[in-house]
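Here's a quick walk through a few packing details. Have the structure open as you read.

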Amino acid sequence: MPPIRQKLLGWYDQAARDLPWRHTRDPYAVWVSEVMLQQTRVETVIPYYERFLESFPTPHALAEADEDTVLSRWSGLGYYRRARLLHAGVREVVAQYGGTVPEDEEARRSLPGVGRYTAGAIGSIAFDKEEPIVDGNVTRVLARLLRIRTPVGTSATTNRLWEEAARLVPGERPGDLNQALMELGATVCTPKQPRCESCPVAQECEAFAHGEVDTLPVPRARKAPMEVSLCAVVATRGRGADRKVWLVKGDQALFGGLWSVPMHEGSARGVLTAAGLHARLGSEPVGEVAHVLTHRRLRIDVYRASAARGSESGTRRSFTANDLERVGVSTLTRKLLASALRG
Ligand code: SF4
(Lines give C-alpha, C1' and ligand atoms only; values in the text may rest on other atoms or scores of the structure.)
Protein backbone atom coordinates (compact mmCIF):
# COMPACT_ATOMS: atom_id res chain seq x y z
CA MET A 1 0.00 0.00 0.00
CA PRO A 2 1.41 3.47 -0.84
CA PRO A 3 2.67 5.16 2.35
CA ILE A 4 0.24 8.11 2.10
CA ARG A 5 -2.73 5.74 2.01
CA GLN A 6 -1.45 3.65 4.88
CA LYS A 7 -0.65 6.67 7.02
CA LEU A 8 -4.01 8.28 6.38
CA LEU A 9 -5.93 5.13 7.34
CA GLY A 10 -3.80 4.59 10.44
CA TRP A 11 -4.32 8.18 11.52
CA TYR A 12 -8.08 8.03 10.79
CA ASP A 13 -8.46 4.94 12.98
CA GLN A 14 -7.18 6.73 16.02
CA ALA A 15 -8.09 10.39 15.35
CA ALA A 16 -11.49 10.38 13.60
CA ARG A 17 -14.22 12.26 15.43
CA ASP A 18 -17.14 10.16 16.63
CA LEU A 19 -19.96 11.50 14.43
CA PRO A 20 -23.44 9.96 14.21
CA TRP A 21 -23.24 9.16 10.48
CA ARG A 22 -20.02 7.24 11.05
CA HIS A 23 -22.02 4.54 12.84
CA THR A 24 -23.95 3.55 9.77
CA ARG A 25 -23.37 2.21 6.31
CA ASP A 26 -27.00 2.60 5.33
CA PRO A 27 -26.70 4.34 1.94
CA TYR A 28 -29.80 6.44 2.59
CA ALA A 29 -28.43 7.76 5.91
CA VAL A 30 -25.03 8.40 4.31
CA TRP A 31 -26.80 10.31 1.54
CA VAL A 32 -28.74 12.47 4.03
CA SER A 33 -25.57 13.26 5.98
CA GLU A 34 -23.56 14.14 2.87
CA VAL A 35 -26.23 16.48 1.55
CA MET A 36 -26.54 18.22 4.92
CA LEU A 37 -22.76 18.57 5.26
CA GLN A 38 -22.42 20.41 1.97
CA GLN A 39 -21.74 24.01 2.96
CA THR A 40 -22.74 23.45 6.62
CA ARG A 41 -20.57 22.83 9.65
CA VAL A 42 -20.49 19.43 11.32
CA GLU A 43 -21.67 20.75 14.73
CA THR A 44 -24.69 22.40 13.10
CA VAL A 45 -25.58 19.30 11.10
CA ILE A 46 -25.59 16.75 13.97
CA PRO A 47 -28.98 17.64 15.57
CA TYR A 48 -30.61 18.17 12.16
CA TYR A 49 -29.35 14.82 10.92
CA GLU A 50 -30.69 13.02 13.96
CA ARG A 51 -34.09 14.73 13.85
CA PHE A 52 -34.40 14.26 10.09
CA LEU A 53 -33.79 10.51 10.33
CA GLU A 54 -36.18 10.24 13.26
CA SER A 55 -38.87 11.87 11.12
CA PHE A 56 -37.94 10.02 7.93
CA PRO A 57 -36.11 6.82 8.91
CA THR A 58 -36.36 5.20 5.47
CA PRO A 59 -36.48 6.30 1.82
CA HIS A 60 -40.17 5.35 1.79
CA ALA A 61 -40.89 7.62 4.76
CA LEU A 62 -39.17 10.57 3.09
CA ALA A 63 -40.71 9.90 -0.31
CA GLU A 64 -44.20 9.88 1.17
CA ALA A 65 -43.77 13.17 3.06
CA ASP A 66 -44.99 16.39 1.46
CA GLU A 67 -42.52 19.12 0.61
CA ASP A 68 -43.63 21.50 3.39
CA THR A 69 -42.98 18.83 6.03
CA VAL A 70 -39.55 18.03 4.58
CA LEU A 71 -38.60 21.71 4.45
CA SER A 72 -39.82 22.26 7.99
CA ARG A 73 -37.34 19.60 9.23
CA TRP A 74 -34.64 21.41 7.21
CA SER A 75 -35.62 24.86 8.37
CA GLY A 76 -32.56 26.71 9.68
CA LEU A 77 -29.97 24.65 7.78
CA GLY A 78 -30.20 26.95 4.74
CA TYR A 79 -29.59 26.10 1.08
CA TYR A 80 -33.10 24.69 0.80
CA ARG A 81 -32.53 23.56 -2.75
CA ARG A 82 -30.49 20.73 -1.26
CA ALA A 83 -33.54 19.50 0.67
CA ARG A 84 -35.79 19.65 -2.37
CA LEU A 85 -33.27 17.76 -4.48
CA LEU A 86 -32.74 15.15 -1.78
CA HIS A 87 -36.51 14.69 -1.60
CA ALA A 88 -36.76 14.37 -5.38
CA GLY A 89 -33.79 11.95 -5.50
CA VAL A 90 -35.25 9.72 -2.79
CA ARG A 91 -38.65 9.73 -4.48
CA GLU A 92 -36.90 8.50 -7.61
CA VAL A 93 -35.18 5.73 -5.61
CA VAL A 94 -38.58 4.59 -4.35
CA ALA A 95 -40.24 4.86 -7.77
CA GLN A 96 -37.43 3.25 -9.79
CA TYR A 97 -35.63 0.97 -7.37
CA GLY A 98 -38.26 -0.02 -4.78
CA GLY A 99 -36.63 2.16 -2.09
CA THR A 100 -33.14 0.63 -2.33
CA VAL A 101 -30.38 3.11 -3.17
CA PRO A 102 -28.71 1.64 -6.27
CA GLU A 103 -25.21 0.24 -5.94
CA ASP A 104 -24.46 0.91 -9.58
CA GLU A 105 -22.55 4.18 -9.97
CA GLU A 106 -24.27 5.29 -13.13
CA ALA A 107 -27.70 4.69 -11.61
CA ARG A 108 -26.72 6.71 -8.53
CA ARG A 109 -25.33 9.54 -10.62
CA SER A 110 -28.59 9.78 -12.59
CA LEU A 111 -30.64 10.56 -9.45
CA PRO A 112 -31.76 14.19 -9.02
CA GLY A 113 -29.32 16.14 -6.86
CA VAL A 114 -26.67 13.40 -6.83
CA GLY A 115 -23.50 14.77 -8.40
CA ARG A 116 -20.11 13.21 -8.57
CA TYR A 117 -19.30 14.04 -4.95
CA THR A 118 -22.47 12.65 -3.36
CA ALA A 119 -22.42 9.56 -5.59
CA GLY A 120 -18.78 8.93 -4.62
CA ALA A 121 -19.49 9.41 -0.92
CA ILE A 122 -22.41 6.96 -0.98
CA GLY A 123 -20.48 4.53 -3.21
CA SER A 124 -17.31 4.44 -1.15
CA ILE A 125 -18.78 4.71 2.37
CA ALA A 126 -21.90 2.57 2.00
CA PHE A 127 -20.88 0.15 -0.77
CA ASP A 128 -17.10 -0.02 -0.32
CA LYS A 129 -16.54 1.04 -3.92
CA GLU A 130 -13.28 2.58 -5.06
CA GLU A 131 -14.90 5.86 -6.05
CA PRO A 132 -13.08 9.13 -5.32
CA ILE A 133 -14.59 12.23 -3.75
CA VAL A 134 -13.39 15.82 -3.87
CA ASP A 135 -14.90 18.47 -1.62
CA GLY A 136 -13.45 21.65 -0.11
CA ASN A 137 -11.45 19.77 2.52
CA VAL A 138 -10.07 17.23 0.05
CA THR A 139 -9.20 20.07 -2.32
CA ARG A 140 -7.13 21.82 0.32
CA VAL A 141 -5.35 18.66 1.47
CA LEU A 142 -4.48 17.51 -2.05
CA ALA A 143 -3.47 20.99 -3.24
CA ARG A 144 -0.98 21.20 -0.37
CA LEU A 145 0.13 17.58 -0.35
CA LEU A 146 0.84 17.63 -4.08
CA ARG A 147 1.68 21.33 -4.35
CA ILE A 148 -0.98 22.06 -6.93
CA ARG A 149 -0.46 25.72 -7.75
CA THR A 150 -3.23 26.40 -10.25
CA PRO A 151 -6.29 28.26 -8.90
CA VAL A 152 -9.07 26.11 -7.45
CA GLY A 153 -12.39 26.21 -9.26
CA THR A 154 -10.84 26.17 -12.75
CA SER A 155 -11.60 23.10 -14.80
CA ALA A 156 -7.90 22.19 -15.10
CA THR A 157 -7.51 22.14 -11.31
CA THR A 158 -10.80 20.35 -10.76
CA ASN A 159 -9.84 17.61 -13.24
CA ARG A 160 -6.43 17.23 -11.67
CA LEU A 161 -7.92 16.96 -8.17
CA TRP A 162 -10.37 14.24 -9.24
CA GLU A 163 -7.57 12.36 -10.97
CA GLU A 164 -5.36 12.52 -7.90
CA ALA A 165 -8.22 11.47 -5.61
CA ALA A 166 -8.96 8.57 -7.98
CA ARG A 167 -5.32 7.51 -7.78
CA LEU A 168 -5.43 7.37 -3.98
CA VAL A 169 -8.74 5.61 -3.43
CA PRO A 170 -8.10 2.06 -4.81
CA GLY A 171 -7.26 -0.46 -2.12
CA GLU A 172 -8.77 -1.58 1.14
CA ARG A 173 -11.38 0.60 2.91
CA PRO A 174 -11.96 3.18 0.17
CA GLY A 175 -14.74 4.84 2.18
CA ASP A 176 -12.46 5.33 5.17
CA LEU A 177 -9.69 6.62 2.91
CA ASN A 178 -12.06 9.28 1.54
CA GLN A 179 -13.25 10.15 5.01
CA ALA A 180 -9.66 10.32 6.24
CA LEU A 181 -8.84 12.93 3.60
CA MET A 182 -11.89 14.99 4.55
CA GLU A 183 -11.19 14.59 8.27
CA LEU A 184 -7.59 15.68 7.82
CA GLY A 185 -8.80 18.80 6.01
CA ALA A 186 -11.40 19.51 8.70
CA THR A 187 -9.21 19.01 11.75
CA VAL A 188 -5.49 19.26 10.86
CA CYS A 189 -4.96 20.69 7.37
CA THR A 190 -7.27 23.58 8.13
CA PRO A 191 -7.52 26.74 5.99
CA LYS A 192 -5.74 28.84 8.61
CA GLN A 193 -2.91 27.67 10.84
CA PRO A 194 -2.81 24.03 9.79
CA ARG A 195 -1.20 21.77 12.38
CA CYS A 196 1.55 20.38 10.17
CA GLU A 197 3.54 19.29 13.22
CA SER A 198 0.87 16.68 14.02
CA CYS A 199 0.01 15.77 10.44
CA PRO A 200 0.35 12.09 9.55
CA VAL A 201 1.52 12.85 6.00
CA ALA A 202 3.82 15.81 6.69
CA GLN A 203 6.78 13.82 5.39
CA GLU A 204 5.09 13.38 2.04
CA CYS A 205 3.71 16.92 1.86
CA GLU A 206 5.19 19.00 -0.96
CA ALA A 207 3.79 22.30 0.30
CA PHE A 208 5.31 21.67 3.73
CA ALA A 209 8.67 20.80 2.18
CA HIS A 210 8.67 23.98 0.09
CA GLY A 211 7.30 26.33 2.75
CA GLU A 212 4.15 27.00 0.72
CA VAL A 213 1.51 25.79 3.14
CA ASP A 214 0.13 29.29 3.66
CA THR A 215 -0.17 30.07 -0.03
CA LEU A 216 -1.92 26.87 -1.10
CA PRO A 217 -4.50 26.21 -2.35
CA VAL A 218 -4.47 29.22 -4.68
CA PRO A 219 -7.92 30.82 -4.44
CA ARG A 220 -9.88 31.72 -7.52
CA ALA A 221 -10.43 35.46 -7.97
CA ARG A 222 -13.88 36.13 -6.59
CA LYS A 223 -16.46 38.57 -7.77
CA ALA A 224 -17.72 40.83 -4.99
CA PRO A 225 -21.32 39.96 -4.05
CA MET A 226 -23.84 42.18 -5.78
CA GLU A 227 -25.62 44.71 -3.55
CA VAL A 228 -29.39 44.52 -3.93
CA SER A 229 -31.99 46.81 -2.30
CA LEU A 230 -35.38 45.23 -1.74
CA CYS A 231 -38.66 46.10 -0.19
CA ALA A 232 -40.56 43.55 1.92
CA VAL A 233 -44.08 43.84 3.27
CA VAL A 234 -45.20 41.96 6.35
CA ALA A 235 -48.97 41.96 5.82
CA THR A 236 -51.17 40.82 8.68
CA ARG A 237 -54.81 40.47 9.53
CA GLY A 238 -56.37 40.03 12.97
CA ARG A 239 -54.84 40.70 16.33
CA GLY A 240 -53.21 38.90 19.27
CA ALA A 241 -53.09 35.11 19.06
CA ASP A 242 -55.47 35.20 16.08
CA ARG A 243 -53.15 37.39 14.06
CA LYS A 244 -52.23 35.90 10.72
CA VAL A 245 -49.42 36.89 8.43
CA TRP A 246 -49.52 36.52 4.65
CA LEU A 247 -46.69 34.63 3.01
CA VAL A 248 -46.09 33.73 -0.63
CA LYS A 249 -44.34 30.97 -2.49
CA GLY A 250 -43.01 30.49 -6.01
CA ASP A 251 -42.22 33.42 -8.32
CA GLN A 252 -42.96 36.07 -5.69
CA ALA A 253 -40.65 34.45 -3.14
CA LEU A 254 -36.89 34.73 -2.99
CA PHE A 255 -36.51 31.05 -2.07
CA GLY A 256 -38.72 29.22 -4.59
CA GLY A 257 -40.14 26.40 -2.49
CA LEU A 258 -40.41 28.13 0.87
CA TRP A 259 -43.15 30.32 2.26
CA SER A 260 -41.66 33.83 2.32
CA VAL A 261 -42.56 37.40 3.13
CA PRO A 262 -43.46 39.08 -0.19
CA MET A 263 -40.64 41.28 -1.45
CA HIS A 264 -39.03 42.64 -4.55
CA GLU A 265 -37.04 45.57 -5.85
CA GLY A 266 -39.97 47.94 -6.36
CA SER A 267 -42.13 49.96 -3.96
CA ALA A 268 -44.01 48.54 -0.96
CA ARG A 269 -47.31 49.14 -2.76
CA GLY A 270 -45.96 47.26 -5.78
CA VAL A 271 -44.96 44.34 -3.57
CA LEU A 272 -48.50 44.11 -2.18
CA THR A 273 -50.05 44.29 -5.64
CA ALA A 274 -47.73 41.63 -7.03
CA ALA A 275 -48.62 39.41 -4.08
CA GLY A 276 -52.36 39.90 -4.80
CA LEU A 277 -53.07 41.51 -1.42
CA HIS A 278 -55.15 44.50 -0.38
CA ALA A 279 -54.10 46.11 2.89
CA ARG A 280 -53.56 49.26 4.90
CA LEU A 281 -49.91 49.97 4.20
CA GLY A 282 -47.68 51.93 6.58
CA SER A 283 -46.07 54.97 4.96
CA GLU A 284 -42.60 54.41 6.41
CA PRO A 285 -40.47 51.29 6.79
CA VAL A 286 -40.57 49.83 10.30
CA GLY A 287 -37.15 48.24 10.03
CA GLU A 288 -34.20 47.37 7.86
CA VAL A 289 -32.77 43.89 7.48
CA ALA A 290 -29.42 42.94 5.98
CA HIS A 291 -28.91 39.42 4.65
CA VAL A 292 -26.06 37.85 2.72
CA LEU A 293 -26.63 35.12 0.14
CA THR A 294 -23.88 33.41 -1.85
CA HIS A 295 -23.71 36.01 -4.59
CA ARG A 296 -25.88 38.80 -3.28
CA ARG A 297 -25.85 41.15 -0.33
CA LEU A 298 -29.44 42.15 0.41
CA ARG A 299 -30.56 45.33 2.13
CA ILE A 300 -34.27 45.13 2.77
CA ASP A 301 -36.63 47.89 3.88
CA VAL A 302 -39.40 46.26 5.88
CA TYR A 303 -42.93 47.70 5.79
CA ARG A 304 -45.98 46.67 7.76
CA ALA A 305 -49.47 46.37 6.36
CA SER A 306 -52.57 45.57 8.39
CA ALA A 307 -56.12 44.40 7.67
CA ALA A 308 -54.67 42.51 4.71
CA ARG A 309 -57.03 40.57 2.47
CA GLY A 310 -56.40 38.18 -0.38
CA SER A 311 -57.59 34.83 -1.63
CA GLU A 312 -55.78 31.80 -0.22
CA SER A 313 -54.07 29.68 -2.85
CA GLY A 314 -51.17 27.26 -3.34
CA THR A 315 -48.81 30.21 -3.57
CA ARG A 316 -50.45 32.67 -1.13
CA ARG A 317 -51.56 31.83 2.37
CA SER A 318 -52.03 33.41 5.77
CA PHE A 319 -50.42 31.75 8.79
CA THR A 320 -50.76 32.05 12.55
CA ALA A 321 -47.59 31.94 14.66
CA ASN A 322 -48.38 28.27 15.40
CA ASP A 323 -48.77 27.43 11.68
CA LEU A 324 -45.34 28.93 11.06
CA GLU A 325 -43.75 26.45 13.44
CA ARG A 326 -44.92 23.62 11.18
CA VAL A 327 -43.98 24.88 7.72
CA GLY A 328 -40.53 25.51 6.38
CA VAL A 329 -39.52 29.16 6.39
CA SER A 330 -36.06 30.54 5.75
CA THR A 331 -33.89 32.34 8.27
CA LEU A 332 -34.47 35.52 6.25
CA THR A 333 -38.26 35.20 6.62
CA ARG A 334 -37.83 34.77 10.36
CA LYS A 335 -35.67 37.91 10.48
CA LEU A 336 -38.21 39.93 8.50
CA LEU A 337 -41.11 38.81 10.69
CA ALA A 338 -39.13 39.58 13.85
CA SER A 339 -38.24 43.00 12.51
CA ALA A 340 -41.85 43.96 11.69
CA LEU A 341 -43.80 42.21 14.44
CA ARG A 342 -41.70 42.84 17.51
CA GLY A 343 -43.33 44.68 20.29
S1 SF4 B 1 1.81 18.84 6.32
FE2 SF4 B 1 0.53 20.58 6.72
S3 SF4 B 1 -0.06 21.34 4.73
FE4 SF4 B 1 0.74 19.29 4.43
S5 SF4 B 1 -1.06 17.98 4.45
FE6 SF4 B 1 -0.24 18.05 6.52
S7 SF4 B 1 -1.35 19.71 7.55
FE8 SF4 B 1 -1.66 19.93 5.35
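This is a predicted model: local features need pLDDT of at least 70, side-chain atom pairs count only at pLDDT 80 or more; totals for chains, interfaces and linings use all residues.

## H1 against H11

Who makes the contact? On the H1 side you'll find Arg-5, Leu-8, Leu-9, Trp-11, Tyr-12 and Ala-15. H11 brings in Pro-174, Asp-176, Leu-177, Gln-179, Ala-180, Leu-181, Glu-183, Leu-184 and Thr-187. Sorted by type, the residues of this H1–H11 contact come out as 10 nonpolar, 2 polar and 3 charged.

## H5 and its neighbours

Now over to helix H5, residues 67–74, where Asp-68, Val-70, Leu-71, Ser-72 and Trp-74 are buried. These buried residues pack against helices H2 (27–37), H3 (42–55), H4 (59–64), H6 (80–97) and H14 (321–326), plus strand E7 (316–319).

Asp-66 caps the N-terminal end, with a side-chain oxygen 3.2 Å from the backbone nitrogen of Asp-68. Just after H5, Gly-76 takes a positive phi of about 105°.

## Cysteines

How many disulfides does the structure hold? The count is 0.

As for burial, Cys-205 counts as buried because its relative accessibility is 11%, with the cut-off being under 20%. Cys-231, at 6% relative accessibility, counts as buried as well.

Key. Residues are numbered from 1 along each chain as its sequence is written. Side-chain values use heavy atoms; hydrogens and water are left out. A disulfide is a pair of cysteine sulfur atoms within 2.5 Å. Buried means under 20% relative accessible area, exposed over 50%, partly exposed in between (1.4 Å probe, protein chains only). Contact means heavy atoms within 4.5 Å. Helices (H or I, at least four residues) and strands (E, at least two) are DSSP runs, numbered from the N terminus. Ala, Val, Leu, Ile, Met, Phe, Trp, Tyr, Cys and Pro count as nonpolar, Asp, Glu, Lys and Arg as charged, and the others, Gly among them, as polar. A polar contact is a pair of N or O atoms within 3.5 Å; within protein, one must be able to donate a hydrogen and the other to accept it, and residues adjacent in sequence count only if both atoms are side-chain atoms.
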